[in-house]
Amino acid sequence: MKPRRLVAATAAAALAAIALPISSASAAVNCAPYKQYGKLTGKTVHIFTSILSPESDIYMKAYADFEKCTGVTIQWEGSNDFESQLGVRVAGGSAPDLAIIPQPGLLQQMVKTGKAVPAPAGVVANAKKYWTADWRAYSTVNGKYYGAPLSANMKSLVWYSPKFFKKYKLTVPKTWAEMMKLSDQIVKLGQKPWCAGIGSGTATGWPATDWMEELTLRMYGPKVYDSWVAGKTKFASPQIENVMKTLSKWLMNPKYVNAGIGDVKSIATTTFQDAGLGIPKGKCFMLQQASFYGAQFPQGTKIAPSGDVFAFFLPSINKKWPIPVEGGGEFIVSFRNAPEVNAVQTFMSSPLYLTNRAKDSAGGWTTANSGVPVSAYPTPLDRMVATYLSNPKATFRFDGSDAMPAAVGAGSFWTQMTAWFSGDNPQATSTIDSIAKAIDATWPTA
Amino acid sequence: MSTHADTTTTMHSVRTRHDNPVRDFLSSKAASIAVFIIATLWTIPTFGLFVSSFRTKDAVTSTGWWTALSNPAWTFDNYKQVILGGTDNLQVPLVNYVVNSLAITVPATIIPITLAAMAAYAIAWVPFRGSDAVFFTIFGLQVVPLQMSLIPLLSLFSQGWSIGKVTIIPTFDNGLTLFGHQVLPAFKIAGNYAAIWLPHTMFALPLAIFLIHNFIAALPRELMEASKVDGANHFLTFTRVVLPLSVPALASFAIFQFLWVWNDLLVGMTFAGGSDAIMPLTYRLAQLSGSLGSHWELLTASAFVAMLIPLIVFFSLQRFFVRGLLAGSVKS
């Protein structure tokens with residue numbers, strides 16, 4: 001009987017541990033900010049998303065008070081087959097009430113089905129007030145606004161070690177030219193400045209597509225970027241081939257890469273997760289990677305402006321666009337026009353909800369909603385990222401390969417970049433031209 | 001389709017008990033050794049998973065399971081979380097989803113077998129015109145891929161089927177009213193267990209009818225004639241004579257269908273409509289590790305919890321594979 005009693009005791013303890021904070025919290029809930037959403041007792045709203053536990057727990061915790069005060073029940077369903085399942089369910093007539101869609105392309109596809117409902121007035125008002133025009137454009141289809149973004153991440157970052165920069169008396173570069181000068185300076189120290197890796201299982205090659213996007217946005221601006229993503233500007237055009245040339249002088253320069261790992265070809269075989277692990281050890285000076293890369297560093301690594309690692313903004317190239325920001329995020333789209341669904345959708349676009357969400361984050365979560373005070377973020381990196389994302393002067397563009405047709409954006413663009421990095425003579429004009437033409441050839445004609 | 005081949009060979013060996021060269025070879029020493037080696041190789045990954053399920057997360061990420069003895073870091077914590085729940089990403093214990101899976105799997109096994117046995121008997125022993133054509137049509141339906149029917153079925157369950165304004169198949173959301181009388185109570189198929197049972201039944205039937213038909217058709221004609229002479233109608237012959245004799249075929253198909261439905265993710269995920277109350281275990285397992293794979297240590301323990309019930313089913317039905325019920329029933 002002893003072991004069973006032990007189990008019962010642990011179960012009781014576990015239950016008590018869950019029950020306690022809830023009961024103590026419910027006594028202190030201030031329902032005033034939720035009054036505007038009305039009484040929704042007995043109603044259920046079903047949210048379908050690709051965000052799974054434990055990440056989803058913080059999203060759910062952030063709306064717990066809203067549920068208590070309005071009486072609505074929010075049913076959160078996360079699935080790692082979200083992209084395909086959403087299409088099936090919408091076509092089959094059993095769409096979720098709200099879907100959190102991470103690609104603008106998929107959002108447009110859902111609008112085309114005719115089942116998506118334009119966002120209610122409350123969401124539109126929040127979007128106008130708290131998001132920049134660049135962000136709003138991504139969920140506007142045929143002049144109608146379909147949903148506010150939820151989280152946002154930023155790709156235009158360079159990870160470095162403040163500790164080792166200080167040791168070698170290096171300064172963070174403000175312009176592209178300064179960054180190249182800094183790289184040469186590190187070469188003179190007898191070290192390789194950059195580390196990189198594009199390995200990522202079946203998605204191997206995606207970090208290289210990000211580099212192409214960053215450079216296109218920096219060299220030719222948003223117009224060429226958009227036309228390139230739409231397939232109007234070809235890969236084999238003079239602009240994009242020039243972008244490839246710039247990339248080859250940067251991350252294919254045998255003097256620059258691959259710090260602590262190997263030669264240029266090793267970029268193709270190194271996973272993106274492992275690429276920057278040498279930074280806190282002083283084996284590598286710089287890594288271009290998104291804001292979410294912070295989670296890869298081992299526990300105990302201090303991510304701060306004067307810590308083991310931190311990130312600086314990938315500098316601009318052309319002065320016409322001083323703050324080019326590339327990133328990603330997801331949008332909340334509704335499939336049912338009902339008071340309770342509209343209320344939840346509006347609430348999830350409000351600074352109140354997103355501030356709740358930001359406060360509970362353990363770091364690595366940001367939104368582009370400018371109503372969230374920067375002080376709500378727990379880490380200095382998040383505060384920096386949030387400032388860039390909600391800056392109205394920034395030129396924001398969504399990850400371009402996500403918006404290209406899947407045959408290219410999740411296919412030939414990845415594979416050809418991998419072939420380019422692992423091939424011979426990557427810096428030769430003929431190699432660049434053949435890679436560009438190979439990608440163009442796979443662009444769907446219809 | 002390997003399952004299909006397995007059943008036919010199993011049933012074949014039940015029927016014919018003559019010695020043959022293949023049988024001799026399979027019972028030779030060399031074959032036994034080969035089987036032993038293959039079985040060991042096949043079991044190693046499962047064994048590794050089993051060992052990992054008792055190790056702490058840190059130990060699993062830093063050292064291989066084969067070094068478990070030299071790096072002892074044993075814990076029951078993974079199982080405790082899975083069985084009791086209550087931790088941050090397992091508020092509801094996994095056991096609840098085991099119950100859901102049973103509520104899906106048991107009817108989704110019994111319904112197709114019942115229908116298939118009756119259909120197989122009718123095709124094999126009730127003489128009617130075109131019975132061969134019916135049989136081959138059903139058999140041919142096996143080529144329809146499950147994935148192709150997801151959207152049509154889902155829309156059928158949620159919206160019914162109508163051509164223009166003529167309703168061919170109604171939804172039962174408001175029940176069914178005929179001539180002013182409520183014939184069926186209000187019942188929502190979409191997002192309910194029925195929405196999962198029906199597709200599983202539909203897609204099991206062609207293979208089930210084919211397999212059980214082959215078995216039932218091979219029963220001796222004398223047996224059917226004897227029961228007819230004794231005054232039994234088709235129903236009595238079916239329930240009293242044919243069903244008891246077909247238990248091996250029914251049981252072997254039941255095992256395959258049970259395992260298939262138990263391990264199914266796609267149908268459950270699509271038709272459960274995201275409702276936590278009817279979500280099968282497999283769907284929960286797929287979500288368990290989190291979007292960034294940060295809780296995958298729970299997968300090892302839950303995999304074994306999920307494996308337990310199919311193992312029980314397999315071992316309790318497995319004897320039917322071997323037992324020949326026909327022995328001595330008829331002189332041949």
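In this predicted model, helix H19 (residues 429–441) of chain A contains both Lys437(A) and Asp433(A), which lie four residues apart, about one turn of the helix. The two side chains form a salt bridge whose closest N and O atoms are 2.9 Å apart. Lys437(A) is partly exposed, with a relative accessible area of 48%, and Asp433(A) is likewise partly exposed, at 24%.

Other salt bridges of chain A link distant parts of the chain. Lys61(A) pairs with Asp360(A), with the closest N and O atoms 3.6 Å apart. This pair connects helix H2 (residues 55–62), which holds Lys61(A), to helix H15 (residues 351–360), which holds Asp360(A), across 299 residues. Because its relative accessible area is 55%, Lys61(A) is classed as exposed, whereas Asp360(A), at 35%, counts as partly exposed.

Lys155(A) and Asp399(A) form a salt bridge with a closest N and O separation of 2.7 Å. Lys155(A) sits in the loop between strand S6 (149–154) and S7, and Asp399(A) in the loop between strand S11 (395–398) and helix H17 (400–403), 244 residues apart. Lys155(A) is buried at 8% relative accessibility, and Asp399(A) is buried at 5%.

| Salt bridge | Closest N and O atoms |
|---|---|
| Lys437(A) and Asp433(A) | 2.9 Å |
| Lys61(A) and Asp360(A) | 3.6 Å |
| Lys155(A) and Asp399(A) | 2.7 Å |

Asp97(A), Arg336(A) and Glu340(A) are linked in a network of salt bridges. Over all chains, the structure holds 14 salt bridges.

Strand S7 (residues 157–160) of chain A directs Leu157(A) and Trp159(A) one way and Val158(A) and Tyr160(A) the other way, and all of these residues are buried. S7(A) pairs in the antiparallel sense with strand S9 (residues 310–313) over four bridges, and Phe310(A) is the bridge partner of Tyr160(A) in S9(A). S7(A) is also joined by three bridges to strand S8 (residues 286–288), again antiparallel; there, Leu287(A) is the bridge partner of Trp159(A).

Between the two chains, 29 residues of chain B are in contact with 26 residues of chain A. The size of an interface is often given as the accessible area lost when the parts come together. For chain B and chain A, the buried area is about 2,000 Å², of which carbon and sulfur atoms give 55%. The count of salt bridges between chain B and chain A is zero.

Chain B also carries a nonpolar patch on the surface, formed by Ile33(B), Phe36(B), Ile37(B), Ile38(B), Leu41(B), Trp42(B) and Ile44(B), with about 790 Å² of accessible area together. Leu41(B) is found in helix H3 (residues 29–53) of chain B and counts as exposed because its relative accessibility is 52%.

Methods:
Residues numbered from 1 in each chain as written. Chains lettered and ligands numbered in written order. Predicted model: local features only at pLDDT ≥ 70, side-chain atom pairs only at ≥ 80, totals over all residues. Heavy atoms only, no water. Buried < 20%, exposed > 50% of the residue type's maximum accessible area, 1.4 Å probe, protein only. Helix = DSSP H or I, 4+ residues; strand = E, 2+ residues; numbered from the N terminus. Pairing = 2+ DSSP bridges. Patch = residues over 30% accessible without salt bridge, like charges linked within 9 Å, V, L, I, M, F, W, Y side chains within 5 Å. Areas by Shrake-Rupley, 256 points an atom, 1.4 Å probe, with all protein chains shown as cover. Salt bridge = Lys/Arg side-chain N within 4 Å of Asp/Glu carboxyl O. Contact = heavy atoms within 4.5 Å. Buried area = accessible area lost by both parts, 1.4 Å probe.
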